[in-house]
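Hi there,

Here is the model I promised to send over. Have a look at it first, and then read on for my notes.

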Amino acid sequence: MGLFDFINHLFNFVLPALSLALVLAVLLRLPLFSRLVTRVETPWYRPVVRNFLVGVAALTIGLLVLGNDGKMATYLLLVAAVGCSQWWFSGR
């Protein structure tokens, strides 16, 4: 496997965590959801980075436990871990 292939595989591995972190950050800034979240005004990138790292850790755990990437249980773990992370850091 060449360097380009390795970077492509790595990017595709972490892309679900990145997209979930970005979508969650955007949704929580909307007026509809902003009243549901008690948060200190922080820059938008802090929760994105935090949720991205938690998501990559969840994907890595799923890969190590299940032995294969892309299983639905791994994505369920990703959503649960990022949701718990957002809940924990939102002060609830």
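Below is what I found, going from the whole chain to single residues.

First, some ground rules. This is a predicted model, so local features need pLDDT of at least 70 and side-chain atom pairs count only at pLDDT 80 or more, while totals for chains, interfaces and linings use all residues. Residues are numbered from 1 along each chain as its sequence is written, and side-chain values use heavy atoms, with hydrogens and water left out.

**The chain as a whole**

The chain has four helices and zero strands, and its pattern along the sequence is α-α-α-α. Helices (H or I, at least four residues) and strands (E, at least two) are DSSP runs, numbered from the N terminus. Of the 92 residues, 23% are buried; buried means under 20% relative accessible area, exposed over 50%, and partly exposed in between (1.4 Å probe, protein chains only). Among contacts (heavy atoms within 4.5 Å) with a separation of 6 or more, 60% are between residues 24 or more positions apart.

**Helices α3 and α4**

Two packed helices are described by the angle between their axes and the distance between the axes. For α3 (residues 45-66) and α4, the axes come within 8 Å and cross at roughly 150 degrees. Axes here are lines fitted to C-alpha atoms, for helices over the stretch in contact, and angles run from 0 to 180 degrees between N-to-C directions.

Residues of α3 that meet α4 include Arg50, Asn51, Val54 and Gly62; on the α4 side, Ala73 and Ser85 are among them. Ser85 lies in α4, which spans residues 72-89. Leaving aside neighbours within four places in sequence, Ser85 is in contact with Arg50, Asn51 and Val54. Ser85 counts as buried because its relative accessibility is 6%.

The C-alpha atoms of Ala73 and Gly62 are 7.5 Å apart, with the two residues eleven apart along the chain.

**Helix α1**

Phe6 is found in α1 (residues 3-29). With 48% relative accessibility, Phe6 counts as partly exposed.

Best wishes
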